[in-house]
Amino acid sequence: MAKPTSKILFDISKLMLNPVLKLRGNVFVGVLFELAGIALGVGGPYLLKCLIDTLGYKTLPADSGSSLTLIFLVVAFVVFWCGGSVVSTVRMVFTARVIDGLNIELATRALHHRLPAAARTRDGDSGHILGLLERLPFSLNVVCEGLIWRTVPMFIQVFACLAVVAGLIPFRYVLMMAAMLCGFVVATWYGAIRQRRFASLTNA
């Protein structure tokens with residue numbers, strides 16, 4: 001019987017922090033890079049807003065060093081905008097190390113549990129275990145990179161962006177954006193349930 005998605009995520013997260021696997025250092029560094037990426041992702045649009053205001057002479061007095069301020073905002077915006085992708089790429093290095101460690105551990109457990117029973121039967125398992133182990137790295141990549149490393153940071157970034165936007169535009173527009181995001185989450189959730197049903201039929 002298939003485990004619920006929440007149980008799978010909890011088990012994998014717990015295994016990632018298991019001191020025996022020595023993956024906690026990579027997890028910690030990956031989290032730091034992820035937080036840096038969130039900060040860059042939130043700060044980029046804010047700097048763009050400040051840059052637009054500066055070009056419109058709305059925020060700076062006439063006798064200030066507007067040229068230096070403009071150059072600083074342009075450079076900062078470019079750094080923040082490009083830095084998010086760079087940080088995300090570097091973070092994937094540590095994610096890959098975590099996935100490799102989990103793959104080795106789970107494959108070892110599976111072989112230790114199923115190999116003796118398969119060897120005692122005449123036809124073994126007809127390559128069933130081998131097929132599961134072959135798909136294991138891709139499945140771990142979906143769970144770790146696609147869910148664990150994306151879901152929580154995404155929610156943090158969304159709330160941080162809404163908080164920044166709330167200080168720049170009327171609050172009713174923030175509520176409209178939040179309602180659209182909630183609708184997107186609901187639609188994605190139902191789509192994921194349907195996709196999992198098809199995947200279960202395919203892998204049966």
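This is a predicted model: local features need pLDDT of at least 70, side-chain atom pairs count only at pLDDT 80 or more; totals for chains, interfaces and linings use all residues.

Reader: Why are helices H1 and H4 called roughly perpendicular to each other?

Author: The axes of H1 (residues 5–16) and H4 (residues 128–166) cross at roughly 90 degrees, coming within 11 Å. Angles of 65 to 115 degrees count as roughly perpendicular, and H1 and H4 are therefore described in that way.

Reader: How do you know which residues of H1 and H4 meet?

Author: Contact means heavy atoms within 4.5 Å, and on the H1 side Leu9, Ile12, Ser13 and Met16 meet residues of H4, among them Leu140, Val143 and Trp149. The residues of this contact divide into 9 nonpolar, 1 polar and no charged.

Reader: What makes the pair Lys7 and Asp11 a salt bridge?

Author: The closest N and O atoms of Lys7 and Asp11 are 2.8 Å apart, and the cut-off for a salt bridge is 4 Å, so the pair qualifies. Both residues lie in helix H1, 4 residues apart, which is about one turn of the helix. The structure holds 4 salt bridges.

Reader: Which residues form the nonpolar patch on the surface, and which helix gives the most to it?

Author: Phe28, Val31, Leu32, Leu35, Val152 and Ile156 form the patch, with about 540 Å² of accessible area together. Helix H2 (24–55) and H4 each supply at least two of its residues, although H2 gives the most, with 4 residues, while Val152 has its place in H4.

Key. Residues are numbered from 1 along each chain as its sequence is written. Side-chain values use heavy atoms; hydrogens and water are left out. Axes are lines fitted to C-alpha atoms, for helices over the stretch in contact, and angles run from 0 to 180 degrees between N-to-C directions. Angles under 35 degrees count as roughly parallel, over 145 as roughly antiparallel, 65 to 115 as roughly perpendicular and the rest as oblique. Ala, Val, Leu, Ile, Met, Phe, Trp, Tyr, Cys and Pro count as nonpolar, Asp, Glu, Lys and Arg as charged, and the others, Gly among them, as polar. Patches are made of residues with over 30% relative accessible area and no salt bridge: like charges are joined within 9 Å, nonpolar side chains (Val, Leu, Ile, Met, Phe, Trp, Tyr) within 5 Å. Accessible areas come from the Shrake-Rupley method with a 1.4 Å probe; for residues, only the protein chains shown count as cover. A salt bridge is a side-chain nitrogen of Lys or Arg within 4 Å of a carboxyl oxygen of Asp or Glu.
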